[in-house]
Amino acid sequence: MNGESRAWRTIPNLLTAARILLIAPFAWLCIRGYDSSALILLFIAGLTDTLDGTLARALKQRSKFGRLADPLADKLLTTAAFLALSLFRTSRPAIPLWLAIAVISRDVLILAGALLVYALTRSASFEPHIFGKANTFIELALIVVVLASSRLQFLSHFVRALYILLVVSLLLSAIDYAVQGVRMIRQSRSGAGELKPLRG
């Protein structure tokens, strides 16, 4: 991709690495029931996510490492949260195991599809459309509500609605990525030249 550097030791990439390092203590806090502290770490992680992209553009420090590591860090964080809040919670607000399995299965399928597309086209130009962005937002909203509802019990009334929204967004975003993958394969086989990111 034009304008990308191969160097990985940049401020945005260090912020991404910091976000990855926060995953283990965040999961531990969720499991142990220190929900307020877990929320603080989640907020810090979200802040690093916002800053790394902003700084990468402002300082012109976009890199191939950052393009791959940034979404990976996000997925690792949400996966750890869903596992911790579904498998290891006792007598506290929790996420149903079936929903955690659905979230992780969708991510695994998208990763497998992306690897297949890359093997066939040598392109990794997937773009997060509105469905993918909405799915990420709903996942994070559910994590926040579950953690916060241990103190603010009225938030528990919103949990079921978030379950429904999340299931719908999982399906729509998975279909969206599948459509992108099929287009990329067709474009590659038709000899259309260098594949450009597909935008909605």
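Trainee: Starting with the second largest pocket, which helices each supply at least two residues of its lining?
Mentor: Helix 4 and helix 6 do, each with at least two residues of that lining. Keep in mind that the model is predicted.

Trainee: Which helix gives the largest share of that lining?
Mentor: Helix 6, which contributes six residues to the lining of the second largest pocket.

Trainee: How many residues line the second largest pocket, and which lie nearest its centre?
Mentor: Twelve residues line the pocket. Leu109, Gly113, Ala114, Tyr177 and Ala178 are the ones nearest the centre.

Trainee: What classes are in the lining of the second largest pocket?
Mentor: Ten of the lining residues are nonpolar and two are polar, with no charged residues.

Trainee: And how much space lies in that pocket?
Mentor: The second largest pocket holds about 160 Å³.

Trainee: Let's back up to the fold. How many helices and strands does the protein have?
Mentor: There are six helices and zero strands. Read from the N terminus, the order of elements is α-α-α-α-α-α.

Trainee: What share of contacts in the protein, between residues at least 6 apart in sequence, joins residues at least 24 apart?
Mentor: Of the contacts between residues at least 6 apart in sequence, 77% join residues at least 24 apart.

Trainee: On to the largest nonpolar core. How many residues are in it, and which touch the most other members?
Mentor: The core has 34 residues, and Phe26, Phe82, Leu142, Ile143 and Leu166 touch the most other members.

Trainee: Which elements give two or more residues to this core?
Mentor: Helix 1 (11–32), helix 2 (35–58), helix 3 (64–87), helix 4 (97–121), helix 5 (130–148) and helix 6 (159–189) each give two or more. Helix 5 gives the most, with eight residues.

Trainee: Take Phe26. What does it touch, leaving out residues up to four places away in sequence?
Mentor: With residues up to four places away left out, Phe26 touches Ala38, Leu41, Leu42, Leu77, Ala81, Ile143 and Leu147.

Trainee: Ala81 is on that list. Where is Ala81 placed, and is it buried or exposed?
Mentor: Ala81 sits in helix 3. Ala81 counts as buried because its relative accessibility is 0%. Beyond its neighbours within four places in sequence, Ala81 is in contact with Phe26 and Ile143.

Trainee: How many Å separate the C-alpha atoms of Ala81 and Leu140?
Mentor: 9.2 Å, with Ala81 and Leu140 lying 59 residues apart along the chain.

Trainee: Now Val159. Why does it count as buried?
Mentor: Val159 counts as buried because it has 13% relative accessibility, and the cut-off for buried is under 20%. Val159 is placed in helix 6.

Trainee: What does Val159 touch, again not counting residues up to four places away in sequence?
Mentor: On that basis, Val159 touches Leu142 and Val145.

Trainee: Switching to helix 2, what does Ser37 count as, and why?
Mentor: Ser37 lies in helix 2. Ser37 counts as partly exposed because its relative accessibility is 35%. Its C-alpha atom is 9.6 Å from that of Leu147, a residue 110 places away along the chain.

Trainee: And Ile44, what does that count as?
Mentor: Partly exposed, at 34% relative accessibility. Ile44 also lies in helix 2. Between the C-alpha atoms of Ile44 and Arg19 the separation is 8.2 Å, with the two residues 25 apart along the chain.

How values were computed
Residues are numbered from 1 along each chain as its sequence is written. This is a predicted model: local features need pLDDT of at least 70, side-chain atom pairs count only at pLDDT 80 or more; totals for chains, interfaces and linings use all residues. Side-chain values use heavy atoms; hydrogens and water are left out. Helices (H or I, at least four residues) and strands (E, at least two) are DSSP runs, numbered from the N terminus. Contact means heavy atoms within 4.5 Å. A nonpolar core is a set of buried Ala, Val, Leu, Ile, Met, Phe, Trp, Tyr and Cys residues joined through side-chain atoms within 4.5 Å. Buried means under 20% relative accessible area, exposed over 50%, partly exposed in between (1.4 Å probe, protein chains only). On a 1 Å grid over the protein atoms alone, a cavity is a set of points where a 1.4 Å probe fits but cannot get out, and a pocket is an open set with protein on both sides within 12 Å along at least five of seven lines; lining residues have an atom within 4 Å of a point. Grid points are joined across faces, edges and corners, and a volume is the space filled by probe spheres set on the points. Ala, Val, Leu, Ile, Met, Phe, Trp, Tyr, Cys and Pro count as nonpolar, Asp, Glu, Lys and Arg as charged, and the others, Gly among them, as polar.
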